[in-house]
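Good morning, and thank you for making time for this presentation. Please have the sequence and the structure open while I speak.

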Amino acid sequence: MAQALNQALRDAMTDDDSVLVFGEDVGPLGGVFRVTDGLNAEFGDKRCFDTPLAESGIVGLAVGLAMHGMRPVVEMQFDAFAYPAFEQVVSHVAKLRNRTRGALSAPMVIRVPFAGGIGGVEHHCDSSEAYYAHTPGLHVVTPATVADAYGLLRAAIASPDPVVFLEPKKLYWSKEEVDLTRPVPPIGRAQVLREGSDATLIAYGPAVPPALEAAEIAAQDGRSLQVIDVRSIVPFDDETVCKAVRSTGRAVVVAEATGFASVASEIVARVTERCFHHLAAPVRRVVGFDIPYPPPKLEHFQLPSVDRILDAVEDLQWEDS
């Protein structure tokens with residue numbers, strides 16, 4: 001996935017001279033996760049460069065550049081280090097189009113390596129999607145596949161609106177043979193990754209692989225589970241998700257973030273409101289616990305495991321159980 005993201009940045013910079021990449025250690029080092037590897041050497045210090053350790057300054061610089069016709073792509077390095085820039089994101093990035101009555105926009109991408117699964121120490125793993133999703137004016141997307149990493153990032157860079165691009169850290173090293181020239185669904189569209197008829201698993205980002213694994217195991221026990229990859233948290237694809245839930249009548253939402261006031265909570269509410277008369281059981285959630293992100297040795301308790309997903313599926317009021 002890291003190579004796919006790197007290729008997306010390279011291709012976007014090749015196609016459009018207004019695309020700039022900057023952040024902490026993204027220059028000669030190539031980024032902590034090597035997503036920007038080689039871009040400084042290929043495009044020079046004016047198009048791919050290091051910044052001071054100042055997240056607020058990075059986003060503030062991007063706002064100014066975007067106002068003057070550039071398309072900045074900034075890296076926050078780690079999710080829990082991005083919060084000093086949150087004031088810039090909420091007060092300026094998200095509101096620029098509205099504040100200027102449409103005269104100016106902020107066509108920029110804020111790349112945020114997010115979530116857990118890598119054994120990161122304090123401030124190196126967090127699930128911050130709800131903060132961004134709760135802010136009107138932002139698009140929020142997250143890839144779960146290599147193909148989506150490339151296609152979604154290209155779409156984010158081309159977007160006329162600001163996009164928070166959440167990169168699941170534990171999937172950086174995932175490998176997949178894909179044709180990067182093949183179109184992927186645009187921002188705003190979910191995708192059915194596995195067909196099924198008994199229940200629907202709704203997941204995004206790092207929660208998609210365990211959802212797929214749970215569906216595979218359930219199939220061996222006679223349960224046919226459908227798996228939806230949300231992909232685009234904002235805008236949210238009600239049509240695809242609700243069509244899937246109506247076809248099965250049962251649903252489980254899977255996400256790493258803590259459950260209270262979360263994106264998972266919003267999905268449950270939307271599905272319940274729109275699919276109530278099609279549901280055979282309450283929509284369940286498998287999410288992180290409402291605690292600060294745990295240290296590495298306890299991290300596996302926080303992440304939605306295959307066993308927890310299967311337990312939730314079995315709790316969907318099956319008539320044959």
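This is a predicted model: local features need pLDDT of at least 70, side-chain atom pairs count only at pLDDT 80 or more; totals for chains, interfaces and linings use all residues.

Let me begin with the division of the chain. It is split into domain 1, residues 1-171, and domain 2, residues 191-315. The C-alpha centres of domain 1 and domain 2 are 27 Å apart. To the contact between them, domain 1 contributes 26 residues and domain 2 contributes 21 residues. There is also a record to mention: an unreviewed UniProt entry annotates residues 1-174 as "domain: Transketolase-like pyrimidine-binding".

I turn now to the nonpolar cores. The largest has 49 residues, and the members that touch the most others are Met 76, Tyr 132, Ile 202 and Ile 267. Among the elements giving two or more residues to this core are strand S1 (19-23), helix H3 (55-67), strand S6 (163-168), helix H9 (238-248) and helix H10 (263-275). Which element gives the largest share of this core? It is H10, with six residues. Domain 1 and domain 2 both supply residues to this core, and therefore it lies between them.

Next, helix H7, residues 146-158. Its 13 residues reach 19 Å from the first C-alpha to the last, close to the 18 Å expected at 1.5 Å a residue. Why is H7 described as largely enclosed by the rest of the structure? Ten of its 13 residues are buried, and that is the reason. Among these buried residues are Val 146, Asp 148, Tyr 150, Leu 153 and Ile 157.

Ser 159 lies in the loop between H7 and S6. With a relative accessibility of 8%, Ser 159 counts as buried. Not counting residues up to four places away in sequence, Ser 159 touches Arg 71, Pro 107 and His 139.

The aromatic residues come next. The count of aromatic pairs is nine. The ring centres of Phe 22 and Phe 49 are 4.9 Å apart and their planes lie at 5 degrees, so this pair is stacked. Phe 22 is in strand S1 and Phe 49 in strand S2 (residues 48-50); 27 residues apart, they link distant parts of the chain. Both Phe 22 and Phe 49 are buried.

The pair formed by Tyr 172 and Trp 173 has ring centres 6.2 Å apart and planes at 80 degrees, so it is edge-to-face. Are these two residues buried or exposed? Tyr 172 counts as buried, at 2% relative accessibility, whereas Trp 173 is exposed, at a relative accessible area of 57%. Through ring pairs, Tyr 172 and Trp 173 belong to a cluster with Phe 33, Phe 78 and Phe 81.

Phe 289 is found in the loop between strand S12 (284-288) and helix H11 (299-302). Phe 289 counts as partly exposed, at 43% relative accessibility. From Phe 289 to Leu 303 there are 14 residues in sequence and 8.7 Å in space, C-alpha to C-alpha. Not counting residues up to four places away in sequence, Phe 289 touches Thr 258, Phe 301, Gln 302 and Arg 308.

I close with backbone geometry. Where is the cis peptide bond with omega near -5 degrees? It runs from Val 234 to Pro 235, and Pro 235 is in the loop between strand S10 (232-234) and H9.

Asp 25, although not a glycine, has a positive phi of about 65 degrees. Asp 25 lies in the loop between S1 and helix H2 (39-43) and counts as partly exposed at 33% relative accessibility. His 123 also has a positive phi, near 70 degrees, in a residue other than glycine. His 123 is in the loop between S4 and helix H6 (129-133), and is partly exposed, with a relative accessible area of 42%.

Key:
Residues are numbered from 1 along each chain as its sequence is written. Side-chain values use heavy atoms; hydrogens and water are left out. A nonpolar core is a set of buried Ala, Val, Leu, Ile, Met, Phe, Trp, Tyr and Cys residues joined through side-chain atoms within 4.5 Å. Buried means under 20% relative accessible area, exposed over 50%, partly exposed in between (1.4 Å probe, protein chains only). Helices (H or I, at least four residues) and strands (E, at least two) are DSSP runs, numbered from the N terminus. Domain bounds come from an automatic or database domain assignment. UniProt positions are given in the numbering used here, feature names are shortened, and annotations may be inferred rather than shown by experiment. The expected span of a helix is 1.5 Å times one less than its number of residues. Rings of Phe, Tyr and Trp (its six-membered ring) pair if their centres lie within 6.5 Å; planes under 30 degrees apart count as stacked, over 60 as edge-to-face and the rest as tilted. Contact means heavy atoms within 4.5 Å.
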